Amino acid sequence: MGAETPTNRGPDAARGGGLLQFALHVLKGRWFTVFATFLIMAGAGATYLFGVYSKQIKSTLGYDQTTLNLMGFFKDLGANVGVLSGLVAEVTPTWFVLLLGSVLNFTGYFMIWLAVTGRITKPKVWQMCLYICVGANSQNFANTGALVTCIQNFPESRGAMMGLLKGFTGLSGAILTEIYLAVYGEDATALILLIAWLPAALSVVFIFNIRKLKAERQPNETRVFYHFLYISIGLAIFIMLMNIIQKKVEFNHTAYALSATVICALLFLPLFIVIREELHIWNSKINPPIPIENPIEPKISIEESKEIKNNPDPKPYPPPPSCFSSICNKPARGDDYTILQALLSIDMMVLFIATFCGLGTSLTAVDNLGQIGESLGYPLKTVKSFVSLVSIWNYFGRVFSGFVSETLLAKFKFPRPLMMTLVLLLSCIGQLLIAFPIPGSVYIASIIIGFSFGAQLPLLFAIISELFGLKYFSTLFNCGQIASPLGSYILNVKVAGMMYDAEALKQLKEMGMDRAAVKELTCIGKQCYRKSFTLMAIVTFVGALVSLVLVMRTREFYRGDIYKRFREEVKQETSVGEPAAVESK
């Protein structure tokens with residue numbers, strides 16, 4: 001007797017069994033991995049909310065601005081030094097990376113919540129720095145486990161994929177803010193509790209759905225990504241509208257709950273696209289197209305076919321060396337570099353300097369946004385609007401740099417490093433608007449800095465993957481971010497923080513008081529950030545000039561077909577696994 005299929009078990013059995021099999025097919029598919037990663041990324045941007053709850057940390061623990069900025073530095077250090085997560089991903093399965101990240105996320109932020117709410121003895125400064133560093137570092141485990149896996153599953157759409165995934169991370173701050181207002185109300189300390197348990201829960205729920213699958217490009221792949229893009233744009237526009245309306249109208253708990261419900265519905269809308277695409281794949285497997293014999297391709301016998309399957313041809317690319325070997329003998333750009341080959345290359349060093357300048361100054365602006373608004377006399381509600389604007393335009397910057405750079409590269413061979421130069425020049429304008437504020441300029445600065453900050457990350461990750469290959473991408477893209485916290489420490493703690501405190505002490509002295517007379521050191525006026533952000537604008541401009549060096553070094557590489565290798569590998573795997581034409585004797 002033949003094996004049972006859905007067609008010979010009766011209509012009811014076929015319908016029930018086929019539905020279950022299709023559901024399993026969806027859950028195991030590449031597109032469901034993308035949807036799961038969207039949700040994980042939507043909860044992985046808790047670090048961008050530091051400007052909302054930092055005021056509570058400062059007031060309840062009695063910190064000055066330098067101490068608060070030191071916490072901000074350790075937050076940035078944890079968020080950007082992801083070498084540990086990259087190395088863990090090299091030797092452990094993806095589910096372990098995600099699980100470890102969820103544990104770190106909950107532990108770090110839960111301890112901060114306990115400290116701010118007075119449920120534990122007031123921690124020392126180094127302990128608070130450790131807690132926020134651990135909590136923020138969990139973001140790298142989400143990136144490494146989910147984002148890197150998706151890039152490996154869709155290598156020829158890495159720009160669009162990078163923009164979408166990092167775009168959801170950019171929206172994460174605004175999404176979490178709306179959810180916390182719906183669940184906890186105006187209690188800002190409850191936001192810390194929310195970012196402790198929700199991102200951790202998302203990683204655990206999808207822990208076995210995120211995994212590396214065969215990278216096989218579909219004909220309509222780009223169109224599908226644009227459908228995802230339209231949904232995410234709709235989500236961003238809705239959040240922005242809610243942000244504007246909440247400034248004009250006093251929302252009650254029901255209104256916040258309704259807003260959060262719509263946001264959650266939009267977050268799950270991509271699932272319908274996933275089901276549609278997996279249904280097409282499912283139908284193509286059930287009813288495969290009739291193969292058309294290629295007259296040019298030589299026919300082979302059944303015996304020869306079996307011989308090919310038993311002894312497949314070796315892969316055209318030799319096995320890569322160990323990840324720490326052949327440091328001086330570097331491969332061509334686009335091939336798989338080892339870790340040390342990439343880290344010691346001139347291209348990576350140039351990227352390091354540009355990232356130090358660009359992301360370092362952007363993080364300084366984002367971390368000080370609460371105090372910038374306070375120094376200029378804006379109320380707390382308006383300061384929250386600045387943070388939401390940064391989050392929303394952070395999203396637009398990410399999807400713009402991902403999709404637009406991919407389109408310009410495909411159609412006009414426009415190099416991604418040149419787009420990074422333009423983004424850094426735009427960031428200079430935002431820094432100057434903070435240094436020399438006029439009425440309403442902080443709104444514009446929040447938009448510009450949010451957009452340019454968001455645009456830098458997908459460009460950085462895509463450039464690293466294109467120049468150094470995907471073999472060790474999980475480690476290299478985390479190494480590429482190390483310059484960011486270093487820039488944040490020097491520019492945020494040592495420059496912006498100390499200049500702010502010096503101006504605040506000057507104001508206290510003018511009032512005949514000293515530091516011991518006040519619990520919280522506060523500076524009021526335009527002069528609080530004038531000198532520091534003038535310097536930020538200069539540093540960002542230097543970063544733009546440095547990035548032009550990379551443009552010149554890689555111009556020939558980007559004129560070629562940078563994705564040719566991946567198409568050849570897929571074609572080779574297909575030809576080895578499925579001999580095209582077989583002739584019986």
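## Contacts along the chain

Of the contacts (heavy atoms within 4.5 Å) in the chain between residues at least 6 apart in sequence, 83% join residues at least 24 apart. This is a predicted model, in which local features need pLDDT of at least 70 and side-chain atom pairs count only at pLDDT 80 or more, whereas totals for chains, interfaces and linings use all residues. Residues are numbered from 1 along each chain as its sequence is written, and side-chain values use heavy atoms, with hydrogens and water left out.

The secondary structure of the chain comes to 23 helices and two strands, these being DSSP runs numbered from the N terminus (H or I of at least four residues for helices, E of at least two for strands). Buried residues make up 55% of the 585 residues in the chain, where buried means under 20% relative accessible area, exposed over 50% and partly exposed in between, with a 1.4 Å probe and protein chains only.

## Helix packing

Helix α15 (residues 346–367) and helix α22 (residues 530–559) have axes that come within 8 Å and cross at roughly 155°; axes are lines fitted to C-alpha atoms, for helices over the stretch in contact, and angles run from 0 to 180 degrees between N-to-C directions. The two helices, α15 and α22, are therefore roughly antiparallel to each other, given that angles under 35 degrees count as roughly parallel, over 145 as roughly antiparallel, 65 to 115 as roughly perpendicular and the rest as oblique. Residues of α15 including I346, V350, L351 and C357 meet residues of α22 among them F533, M536, V539 and R553. The residues of this contact of α15 with α22 divide into 13 nonpolar, six polar and two charged, with Ala, Val, Leu, Ile, Met, Phe, Trp, Tyr, Cys and Pro counted as nonpolar, Asp, Glu, Lys and Arg as charged, and the others, Gly among them, as polar.

Helix α2 (residues 30–42) and helix α12 (residues 270–286) pack at an angle of about 170°, with their axes 8 Å apart, and α2 and α12 are therefore roughly antiparallel to each other. On the α2 side, R30, W31, F32, F35 and F38 meet P270, L271, V274, E277, E278 and I281 in α12, and the residues of the contact of α2 with α12 divide into eight nonpolar, no polar and three charged.

## Aromatic pairs

The structure holds 34 aromatic pairs, for which rings of Phe, Tyr and Trp (its six-membered ring) must have centres within 6.5 Å, planes under 30 degrees apart counting as stacked, over 60 as edge-to-face and the rest as tilted. Y337 and F468 form an edge-to-face pair, with 5.1 Å centre to centre and 75° between the planes. Y337 lies in the loop between α13 (302–310) and α14 (339–343) and F468 in helix α19 (residues 441–468), so the pair ties together parts that are 131 residues apart in sequence. Both Y337 and F468 are buried.

Elsewhere, ring pairs link W31, F38, F154, F168, F225 and F228 into a cluster.

## Individual buried residues

A136 is placed in helix α7 (residues 125–153) and, at 0% relative accessibility, counts as buried. Leaving aside neighbours within four places in sequence, A136 is in contact with T47, K75, G78, A79 and Y109, while the C-alpha atoms of A136 and N80, 56 residues apart along the chain, are separated by 8.4 Å.

Q507, in helix α21 (residues 483–510), counts as buried at 15% relative accessibility. Q56, found in helix α3 (residues 50–61), is buried with a relative accessible area of 18%.
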